[in-house]
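Walk through this fold with the ring contacts as the way in, then the sheet. Keep the model open beside the text.

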Amino acid sequence: MNKIKEVIVVEGKDDTKRIKLAVNADTLETRGSAISDETLEQIAQLQETRGVIVFTDPDFSGEKIRNIITREVPGVKHAFLNKKDAVPHTKGSLGVEHASLDVIREALAHLYTEITDGEPLITREDLMMLGLTSGPEAKKKRALLGEILKIGYTNGKQLYNRLNLFQITPKQLEEAMLQIRKMGENSSDK
């Protein structure tokens with residue numbers, strides 16, 4: 001098993017245990033969504049020396065942590081889990097610690113790096129025309145799009161920002177929307 005060069009930022013020790021079963025990597029735990037200045041300094045230092053992959057739970061707290069790190073430490077990489085892959089088998093909340101080892105490896109194989117100074121490739125109008133920001137199926141389409149592109153679930157405003165932050169191309173968006181349409185056709189055939 002090859003060692004991942006970057007340090008993977010996770011929320012807690014159960015996430016660390018699960019990551020280490022899936023891949024050979026070092027982790028840094030934020031210990032919750034109230035990230036201390038000391039932890040942010042560590043993340044910034046690690047970003048300079050080894051690089052950082054943010055891999056948080058697919059829930060409100062995980063997104064909060066991801067947004068804080070993105071704002072404070074530009075250029076980090078991101079790995080995302082779909083909500084359905086992070087559901088606990090018994091009780092508890094969504095989390096990396098509940099994902100299968102294969103799903104974790106898959107998420108870490110599809111990293112996105114923020115490009116903060118890139119020109120937007122996709123417009124808000126594009127998203128509206130595709131029914132991703134308004135309409136009866138918008139939320140469902142965004143959820144499917146997040147799964148297909150492996151960028152996590154977002155609301156309409158976040159979707160615009162995330163697609164452009166990761167420089168998703170119109171072609172990638174078009175191909176994903178084609179898959180969504182096919183899925184819709186297949187489900188209506190039943």
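Two aromatic pairs occur in this structure. Rings of Phe, Tyr and Trp (its six-membered ring) pair if their centres lie within 6.5 Å; planes under 30 degrees apart count as stacked, over 60 as edge-to-face and the rest as tilted. Phe 80 and Phe 166 make an edge-to-face pair, with 5.9 Å centre to centre and 65° between the planes. This pair links distant parts of the chain, 86 residues apart. Phe 80 sits in the loop between strand E4 (77–78) and helix H4 (101–109). Phe 166 sits in the loop between helix H7 (156–165) and helix H8 (170–188). Helices (H or I, at least four residues) and strands (E, at least two) are DSSP runs, numbered from the N terminus.

The model is predicted: local features need pLDDT of at least 70, side-chain atom pairs count only at pLDDT 80 or more, and totals for chains, interfaces and linings use all residues. Residues are numbered from 1 along each chain as its sequence is written, and side-chain values use heavy atoms, with hydrogens and water left out.

Now take Tyr 112 and Phe 166. Their ring centres are 5.0 Å apart and their planes meet at 25°, so this pair is stacked. Tyr 112 belongs to strand E5 and Phe 166 to the loop between H7 and H8, so the pair ties together parts 54 residues apart in sequence.

Phe 166 has 7% relative accessibility. Tyr 112 is buried too, at 13%.

Charges also meet rings. Arg 66 lies over the face of Phe 80, 4.0 Å from the ring centre. Arg 124 lies over the face of Tyr 160, at 3.9 Å from the ring centre. The test is NZ of Lys or CZ of Arg within 6 Å of the ring centre and within 35 degrees of the ring normal.

Next, the sheet. Five strands form an open sheet in the order E2-E1-E3-E4-E5, with mixed pairing. Two strands pair if DSSP finds at least two bridges between them. The edge strands, E2 (24–29) and E5 (112–113), each pair on one side only. Strand E1 (residues 3–10) runs parallel to E3 (residues 52–54), joined by three bridges. Val 9 has Val 54 as its bridge partner in E3. Five bridges join E1 to E2, also parallel. Ile 8 has Thr 27 as its bridge partner in E2.

Methods: Buried < 20%, exposed > 50% of the residue type's maximum accessible area, 1.4 Å probe, protein only.
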